[in-house]
Amino acid sequence: MQTDESQVKWQPLLRREEIVATLRGPFLPNCMKIIKNIGREFSGYNILESGKRLLDRKPLQCSLYVTDRCNLDCGYCTEYDNSRPHPSLDDLKKWIRKIRELGTMRIALVGGEPLVHPDIVEIVRYCRELGFATSLTTNGFLLTRKLVAQLEDAGLQVMQISVDRMTPSPITKKSFKTILPKIDYFRDSKISLHITGVICADTLPESRAVLETGLSRGIPTEVRLVHADPLHRFRVDRGPREELERFIDSMIERKRRGEKIHTSEAILNYQRSLLRGERVEWTCVAGYKLFFVSAQGKFWICSMVHTDKHIMDVTLDDLYANYRKKSCQEGCGVYCAVSASLLVEKPVQVLGKEIVSRAKRVPSIFRRPLTADADKATHTAMANPDGTREMNGSTKSSPSADDRVTLRERI
Ligand SMILES: C[S@@+](CC[C@H](N)C(=O)[O-])C[C@H]1O[C@@H](n2cnc3c(N)ncnc32)[C@H](O)[C@@H]1O
Ligand code: SF4
Ligand code: SF4
């Protein structure tokens, strides 16, 4: 029997009502979440922005000490001084304008402890008004839900909270015991949070747990070797070399697996070379592509090398004159400067590895929002640190030796 084509009823894959129901239901929100998550994986790196600064002679980043004062007294730190008053908001604004006029794209607000400055929200707002990509590094002790909301409203994009241990010690009080309850303030916040810890003999026994605690909550986390003071003295015991090396090696491995280790493989390799006493070939771009401004408005090459020149007197030629190998390069522990220098020297290699590492997280980004109640699980993991490690897709899909770390024992 011949089939009359006009009689065949076309069957759509989805009926109209089903399409409408899907669009009204979880489909669109899930797409939005996936796009947001992919954006987050690549945010903070600002590839296009950094790219521009790789081609011209202008600076990429300035670290501005908004105060020398601090509410803590970490045993390894030489960057605070409570005998000095806060700089005024007017002075800070003047210096921030000048830093922007030099063409600087990113500003990192540091200290001392930036949150002890009474005008910190206004400082952030001003940086954003001038168009800076703006980050802030804090010990987190003064963070409240209200302050996080105010900083977000002011436009803060990135916050680094420093956490060295699970519990406080005489060397450092910066521990998850204080910070963990505050992590929830960042749920649904536009501020991109990451954790950074210092490794020394005092913190090393807990460094793995610090790393694990951050990563298991989906927070990009980094722990890095303690560095010397400007006179090349270590103020604390650095810890046993072999153990430190094994730990750095394990981070390199995890980074390659795509876990959220918040530093480049180049910097991890650099730290391993430091431990082995191996020579690394690089040219320091501190004072040129990145520089520091003290809480007195002085232009500093980096946190360790200071000048008496005022930032208001600095020209682009002054900056370019600092593009040279420096006598202090050997053993340098100013990792942000080493990182920028390696990026300028080998952009394709450094960026390429970072992009590959972040791209490895993309499949878990697709899984996350499509899993029923994924957000609820995330929230539970934050609120219940002893719960299962649901937040970090990559950790879950590739268990490691670090899985042995149990938070219940530690906190
Ligand atoms: C000087 S602090 C200022 C911001 C804030 N008070 C804090 O602790 O995060 C900036 C960063 O430098 C780190 N730091 C200070 N002294 C260090 C050292 N000797 N070696 C490695 N990191 C150090 C701190 O842990 C912190 O992450
Ligand atoms: S909290 Fe920051 S500035 Fe204060 S002593 Fe510790 S590392 Fe230094
Ligand atoms: S080599 Fe290190 S210590 Fe010396 S200027 Fe560069 S960043 Fe600073």
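**Questions on the predicted model**

User: How many helices and strands does the secondary structure of the chain come to?
Analyst: This is a predicted model, and the answers that follow describe that model. The chain has 411 residues, of which 49% count as buried, and among its contacts with a separation of 6 or more, 75% are between residues 24 or more positions apart. Its secondary structure comes to 16 helices and nine strands.

User: What span does helix H8 reach from its first C-alpha to its last?
Analyst: Helix H8 covers residues 241–256, which makes 16 residues, and at 1.5 Å a residue a span of 22 Å is expected.

User: Which residues of H8 are buried?
Analyst: A residue counts as buried when its relative accessible area is under 20%. In an α-helix there are 3.6 residues a turn, so residues three or four places apart point the same way. In H8 the buried residues are Leu 244, Glu 245, Phe 247, Ile 248, Ser 250, Met 251, Ile 252, Arg 254 and Lys 255.

User: Against which elements do the buried residues of H4 pack?
Analyst: Helix H4 spans residues 120–129, and its buried residues are Ile 120, Val 121, Ile 123, Val 124, Tyr 126 and Cys 127. H4 is followed by Gly 131, whose phi is positive, near 95 degrees. The buried residues of H4 pack against H3, strand S2 (106–110), strand S3 (133–138) and helix H5 (145–154).

User: Which residues is Arg 84 in contact with, leaving aside its neighbours within four places in sequence?
Analyst: Arg 84 lies in the loop between strand S1 (61–65) and helix H3 (89–101), and it is partly exposed, with a relative accessible area of 34%. Although Arg 84 and Asp 68 are 16 residues apart along the chain, their C-alpha atoms are separated by 6.6 Å. Once those neighbours are set aside, Arg 84 is in contact with Asp 68, Arg 69 and Gln 296.

User: Is Asp 188, which has a positive phi, buried or exposed?
Analyst: Asp 188 is a residue other than glycine, yet its phi is positive, near 65 degrees, and its place is in the loop between helix H6 (176–183) and strand S5 (192–199). Because its relative accessibility is 69% and the class begins over 50%, Asp 188 counts as exposed.

User: How many nonpolar, polar and charged residues does the shell around ligand 3 have?
Analyst: The space taken by ligand 3 is the second largest pocket. The residues around ligand 3 include Trp 282, Cys 284, Ile 301, Lys 326 and Gln 329. By class, the shell around ligand 3 has 10 nonpolar, one polar and one charged residues.

Conventions
Residues are numbered from 1 along each chain as its sequence is written. Chains are lettered from A and ligands numbered from 1 in the order in which they are written. This is a predicted model: local features need pLDDT of at least 70, side-chain atom pairs count only at pLDDT 80 or more; totals for chains, interfaces and linings use all residues. Side-chain values use heavy atoms; hydrogens and water are left out. Helices (H or I, at least four residues) and strands (E, at least two) are DSSP runs, numbered from the N terminus. The expected span of a helix is 1.5 Å times one less than its number of residues. Buried means under 20% relative accessible area, exposed over 50%, partly exposed in between (1.4 Å probe, protein chains only). A residue is near a molecule or strand if one of its heavy atoms lies within 4 Å of it. On a 1 Å grid over the protein atoms alone, a cavity is a set of points where a 1.4 Å probe fits but cannot get out, and a pocket is an open set with protein on both sides within 12 Å along at least five of seven lines; lining residues have an atom within 4 Å of a point. A molecule sits in a cavity or pocket if more than half of its atoms lie within 2 Å of its grid points. Ala, Val, Leu, Ile, Met, Phe, Trp, Tyr, Cys and Pro count as nonpolar, Asp, Glu, Lys and Arg as charged, and the others, Gly among them, as polar. Contact means heavy atoms within 4.5 Å.
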